[in-house]
Amino acid sequence: MADLASEFVGIKSPNPFWLASAPPTDKLINVVRAFEAGWGGVVWKTLGEDPNIVNVNGPRYGAVYSSDRTLIGLNNIELITDRPLQTNLDEIKIVKRDWPDRAMVVSLMVPCEEKNWRDIVKKVEDTGADGIELNFGCPHGMSERGMGAAVGQVPEYIEMVARWCKENTKMPVIVKLTPNITDIRFPARAANQGGADAVSLINTVSSIVSVNLDTMSPEPSIDGWGSHGGYCGPAVKPIALNMVAEIARDPETSQLPISGIGGVTTWRDAAEFLSLGAGNVQVCTAAMTYGFKIIDELTSGLSNWMDEAGYATVADVVGKATPNIKDWQNLNLNYITKAKINQDLCVECGRCHVVCEDTSHQAITSMLDGKRHFEVINEECVGCNLCVCVCPVDNCITMEEMTTGVDPRTGLDVSKQYANWTTHPNNPGRVAE
Amino acid sequence: MVQSARLDKLKSDLHAPLTQHDALVEADRCYFCHDAPCIDACPTGIDIPLFIRQIKTRNPNGAAKTIFDENIFGGMCARVCPTETLCEQKCVRNVGEEKPVLIGQLQRFATDTLMATGKQPYTRAAQRDTRIAIVGAGPAGLSCAHRLALHGHQVTVFDSKPKPGGLNEYGIAAYKTVDSFAAKEVEYIMSIGGIELQSDTSIGEKLTLDELKSKYDAVFLGMGLGGVNALGIPGEDMPGVENAVEFIARLRQSNDLDSLQSKIGRNVVVIGGGMTAIDAAVQSKHLGAENVTVVYRREQSAMNASAFEQELAQKSGVLLRSNLQPKEIISAAGVIQKTFFEYTETKGGKLVGTGEMLCIDSDQVLVAIGQNMQHVVLQGSRAPISMKAGRIEVDENRQSSDKSVWAGGDCIVGGDDLTVSAVQDGKLAAESIHTTLENAHG
C-alpha cells in the first residue's frame, strides 16, 4: 500500500488533500465534518480584521454546465469570512486541539500595513494553527479595497508582505497567488524573495459566468446587476497546471514548494498536479459540488495508482513530469506521427474527416470505392492530433510514430536524430551554428 | 379496476414526452455526424443533426423549423415513424453501444414546443391565381397542399370523410396520437392559409377527375387505399369478422369507450402482420379482450410490423403466431366459434401449406392483410392514367402519365404504407407542380 502521508513545509497531514480556503472551511461545523470524512487538512476561510465584512444577500454563485448539467465551472462573488475574528480564532483553536493530526492552515487578508499583519499573525499563532496562507488572490470585492488580488498583482507588495509575516511568526508562510496576471513567475519569485515557505495556486480567475438574456443581467444577479466573480472548478485546471509547471521549472523558484489548486476533482487531477511539482493539492469546487465524501475516491484512487505505478510515497511523485515541460523551441522536430484510424472501432460519424477537411489538412477520406469510409491520407497528415481530439470513441484514432522509412508528406527520410527548431534543416529561420 | 386501467392505456401516450432536461441530455448524445447516415435514412431527408444541435443549444423553435422544412407532419412522424428501421437504425451510436439517439422523441420535443405556440415558421408567398385540386386530406395530400400554399398557390382539398387527416385521423392507434393530436396538427398545417377543405366529397361519382382537371391547373391524387383485401376463405362474411382499419377508425372516433369495451370479443384473432394488425391487437387487449392472437402467414421475421411494434404487442399480452394461413372461420347461430389455420413453410422461395391444421378459439376476427386502391376515383377519366399492380405509376417527381396529374402516398406504385413517405411524396409533387406551373405561366 502506498503511503499517502504528506509533509508540506513541515506541516504533516495523513494525506495530501487539503480543503482550500473557501466556504467549506468557513466554520467549525464544516471543518469537523471534513475531518470526520477523512480530509488531510484545511486552509481556514480567510480571516480579516473586525468589523467583519458583510456578504451580498442574494445569489453568490453562478455555474457553467455541460448538457447533462454536470458542473464544469463555478464562479462566486463571496468575500472573506463574514464572522467576527474572535469567533473564528476560537473555533480554529478547538478544532486544532481536537484534530491534532490534521493540517490547520489559516488564510489571512488584512490591509497592507506591517502592524496589521503583525497583529493578526500573532492572534493566529495563539490558536495552535500549523501555518498561514496569505490571500493575495481573491479577485473580487476585497481587491477594490486594496487587498487580495490587488496585492497579488504587484510583485513588490507580495515580497513586502511575505517578509513582514516571516519576520513576525515562526509558522510557515504560504503565499496564495492570483492567476489574473500576465506571467505567474514574477509573483512567485517575489514570494520567494520575501522568504515565503511556499506558494499556493491558483486562486480564482476573474470571470463573468453568464448573462441572463431576458434581463440583461450578469449571473449571479443581484437585483438586476452583477459583478465579476472568481471562476474555479474543472474548467480552470489546465490554466492552473501550466502555472504550477511554470513556477516549478523556473530556476529561481524550482526549490519553492507549491500547493496545487485549481479544478482538482478526481485523484487523477491530483496526481497530475503532483507530477508537475505540487507538493500537495487543495480542493474546493469538487467538495462544493459533491460533498466531502469524495475524499474516499481521491485517497483510494491515488493510492491504487501509486501502487500500480510503483510510487511508495507522495513525495516520490512530486515533480516527476516537470523535467518534460520544455520551451517549444526545444521540441524534437524529427518526431513524426501519423494518425491511424482503427476501422474495427470506427463508428463512421465522420467528424474526423469534416474537421480535417474544413479546418486542417484535408488528410482524411470520407469515401472509399463509393462507400462511407474514413482513412488517413499519410501524404497529407501532419500529425496534428485534431482528429483524436474530436473522435467520440476511446482509442479509435491513435497517433503512431514513424520510426523508419520516408515521411510520405515531406519525402524526407525519418531520422532518429533529435533536432529542434534551432537546428532542424527544415527551418530556414534556425539559428546559424 | 383492471379494465379501467386498460382503458387509460388505450388513450394515454405510448411514450411520455421528453422533458426539457431529458431532451438536453439526449441531444448531447448526438455526434453531429458529417454527411449523417440518419438523414439518408429519413424518407423526407430532415437535417437531423442540425435540429438536434438546435435543441441542445436551447433553440427548439429553430429545431422545429428545420424539421418542418422537410416534413410538415414532423409532429405525427415523431410519434408513428418506425424510427428503429429508419433514422435510428442508421445512428452511429448503434455501432458502439447499440443504443441510438432517440431521434423520434427529440423530434417530438421540438415540434411540440413550436406547435404549442400556434405559430407557423413560414409566411405564405403572395397569392397566385393558380389553383390546384388535391384528392385526399391525408399526409400526402396535406403535405402537398401546405407546400403549394406556401408558394402562393390556391389549393382545394377534397376528402370523402367528414374529418381531414386520413389515416392519421382514422387509421392509427389512439395511444400513438393522444389528445386529438392528428386534428390539431391538421389545423396547424392549414393555418398557412390558402387551403380550402371540402369534406364528405368523394371523387369519381358526382365530381370526376376529368372535371377537376378542367377546373384546376393541376391535380394531386393522395387518396390512399380505400379497398380492403379479402381473405378469400369460407366464413369471412359472418358478423364478427371486421376489417381492422375500420375497427381502428371506429375506436378513434368513438366517444364511448365503455360501449366498445362491452362489445369486444373474449377471444380476438387478428389476421395479418403489419402495423395495422398490431394496432388493432393491442387496442383489443386494452379494451378487455382476454386472448388476443396475431396470426401471420409467413415467418415472424418477415412481419411488416417493426421489432418495436412486435415487442409492444407482446408486452401488452398479445400472442404473436406465425407460419399460419387462415382456412375457414366457423360460426354457430351467427356467432364466430373458431378459426382454422393451416401451417405454412417456405419451399423454394414459395410459401406453401403443410396440410397440418390449427384451430384457434375465436369470437371476433379482425382482418389486416392489406388494402387495395379503389379505382372509382379514376373512373371515367378520358385519358386513363398508367397503373401497375393496381396502383398509380409516377416518376421521381410524383408526376403520373397524365402530365396534369401528380400522385403520392399509398396509392402509388412503391407506396410503402408509411406516413413519412406519403409526406415526402406530397412535398416532391408540390415542388414539381410549382415548377411546372411557373414555367407554364411564366
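This is a predicted model: local features need pLDDT of at least 70, side-chain atom pairs count only at pLDDT 80 or more; totals for chains, interfaces and linings use all residues.

Mentor: Residues are numbered from 1 along each chain as its sequence is written, and chains are lettered from A and ligands numbered from 1 in the order in which they are written.

Trainee: Why is Asp410(B) called buried?

Mentor: Asp410(B) has 27 other C-beta atoms within 10 Å. A residue is buried at 20 or more such atoms, exposed at 12 or fewer and partly exposed in between, with C-beta atoms placed from the backbone. Asp410(B) is therefore buried. Its place is the loop between strand 17 (405-407) and helix 18 (419-441) of chain B; helices (H or I, at least four residues) and strands (E, at least two) are DSSP runs, numbered from the N terminus.

Trainee: Which residues does Asp410(B) touch, leaving out those up to four places away in sequence?

Mentor: They are Gly224(B), Leu225(B), Gly415(B), Asp417(B) and Ala422(B). Contact requires C-beta atoms, placed from the backbone, to lie within 7 Å.

Trainee: Is Met216(A) buried or exposed, and what makes it so?

Mentor: Met216(A) has 9 other C-beta atoms within 10 Å, so Met216(A) is exposed. Met216(A) sits in the loop between strand 12 (210-212) and strand 13 (217-219) of chain A, and its phi is near 60°, a positive value in a residue other than glycine.

Trainee: What about Asn323(B), buried or exposed?

Mentor: Asn323(B) counts as buried because 21 C-beta neighbours lie inside 10 Å. Its phi is near 55°, also a positive value in a residue other than glycine. The loop holding Asn323(B) runs between strand 9 (319-321) and strand 10 (324-332) of chain B.

Trainee: Why is helix 1 of chain A called roughly parallel to helix 2 of chain A?

Mentor: Helix 1 (residues 28-37) and helix 2 (residues 85-98) of chain A pack at an angle of about 20°, with their axes 10 Å apart. Angles under 35 degrees count as roughly parallel, over 145 as roughly antiparallel, 65 to 115 as roughly perpendicular and the rest as oblique. The angle therefore makes helix 1 of chain A roughly parallel to helix 2 of chain A.

Trainee: Which residues meet there?

Mentor: Leu28(A), Val31(A) and Val32(A) in helix 1 of chain A meet Glu91(A), Ile94(A) and Val95(A) in helix 2 of chain A.

Terms used:
Two residues are in contact if their C-beta atoms, placed from the backbone, lie within 7 Å. Axes are lines fitted to C-alpha atoms, for helices over the stretch in contact, and angles run from 0 to 180 degrees between N-to-C directions.
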